[in-house]
Amino acid sequence: MIKADAYMVVYSVVDKSTFSRSEQILNILHDMDLTRTRPIILVANKIDLARSRAVSSQDGKCLACTHRIKFIEVSVAINHNVDELLAGVLSQIRLKRQQCAAQGCKEPSSAHWYKNRNVVRASMKARQMITWIFGKEDSKFKNCENLQVL
């Protein structure tokens, strides 16, 4: 898995179990210290099935912000945001390589780089609640959706 240039973790918005599995995969990637050196994008698929939706957009954004990765919603069936995703993957690879070259990033080692994700997740949930109450989108959530910046 370390040889990959980027990772896309895809889940279905109509199946909560795929969202749970994507969270487990993100935890593994984080524990392997790949989030610092490789771009990772969380992809919510099947957004055209809005009536059957089981995972909210906010839940996806919250998970992405918790892991400090990018997030996008797509529908492969109707070709919604697919081009943006592919262009964004390429942009993220280029940006991450530039950042690593400037900072002298080393390849992930077997030593784990831990950060308390529970604290970050609680903070994101609080931000999500404030967004819901006041109806104003948080800039942290908007940043995780912009695939053209780190």
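The legends below accompany several close-up views of a predicted model of a single structure.

In this predicted model, local features need pLDDT of at least 70 and side-chain atom pairs count only at pLDDT 80 or more, whereas totals for chains, interfaces and linings use all residues. Residues are numbered from 1 along each chain as its sequence is written, and side-chain values use heavy atoms, with hydrogens and water left out.

**View 1. The chain as a whole, with its helices and strands.** The chain contains five helices and three strands, where helices (H or I, at least four residues) and strands (E, at least two) are DSSP runs numbered from the N terminus. Followed along the sequence, these elements give the pattern β-α-β-α-β-α-α-α. Of the 150 residues in the chain, 41% are buried, a word used here for a relative accessible area under 20%, while exposed stands for over 50% and partly exposed for values in between (1.4 Å probe, protein chains only). Among the contacts with a separation of 6 or more, 79% join residues 24 or more positions apart, a contact being heavy atoms within 4.5 Å.

View 2. K70 lies in strand β3, which covers residues 70-73. K70 is buried and yet has no salt bridge, the nearest side chain of opposite charge being that of E145, 9.9 Å away. The side chain of K70 does, however, reach the backbone oxygen of V149 at 3.0 Å. If residues up to four places away in sequence are set aside, the residues that K70 touches include I40, I41, L42, A64, Q92, N143 and C144, and also N146, L147, V149 and L150.

**View 3. I40 in strand β2.** Strand β2 is formed by residues 40-45, and I40 is part of it. With a relative accessible area of 3%, I40 is buried. Apart from its neighbours within four places in sequence, I40 is in contact with Y7, V9, L26, L29, L34, T35, I69 and K70. One of these residues, L26, is 14 residues from I40 in sequence, and the two are 8.6 Å apart in space, C-alpha to C-alpha.

**View 4. Helix α2 and the residue just after it.** Helix α2 spans residues 57-67 and is mostly covered, since eleven of its eleven residues are buried. Among these buried residues are D59, K61, C62, C65 and H67. Just after α2, R68 takes a positive phi of about 55°.

View 5. C65 is in no disulfide, and the nearest cysteine sulfur, that of C144, is 3.5 Å away. C65 is buried, with a relative accessible area of 8%, and C100 likewise counts as buried, at 13% relative accessibility.

**View 6. The aromatic pair of Y11 and F19.** The count of aromatic pairs comes to one, where rings of Phe, Tyr and Trp (its six-membered ring) pair if their centres lie within 6.5 Å, and planes under 30 degrees apart count as stacked, over 60 as edge-to-face and the rest as tilted. Y11 and F19 form this pair, which is edge-to-face, with 4.9 Å centre to centre and 70° between the planes. Both Y11 and F19 are buried.

**View 7. Salt bridges.** The structure holds five salt bridges, and the following sentences describe some of them. R97 forms a salt bridge with D5, the closest N and O atoms being 2.8 Å apart. This pair links distant parts of the chain, R97 being in helix α3 (residues 82-103) and D5 in the segment before β1 (7-12), 92 residues apart. R97 is exposed, with a relative accessible area of 52%, whereas D5 is partly exposed at 43%. K16 and D59 meet through their side chains in another salt bridge (3.9 Å, N to O), which links helix α1 (residues 16-31), where K16 lies, to helix α2, where D59 lies, across 43 residues. Here K16 is partly exposed at 41% relative accessibility, and D59 is buried at 16%. In the salt bridge between R36 and D33 the side chains meet at 2.7 Å, N to O, with R36 partly exposed at 35% and D33 buried at 4%.

Definitions and conventions:
Lys, Arg positive; Asp, Glu negative; His and termini not counted. Salt bridge = Lys/Arg side-chain N within 4 Å of Asp/Glu carboxyl O. Polar contact = N/O pair within 3.5 Å; in protein donor to acceptor, adjacent residues only side chain to side chain. Disulfide = S-S within 2.5 Å.
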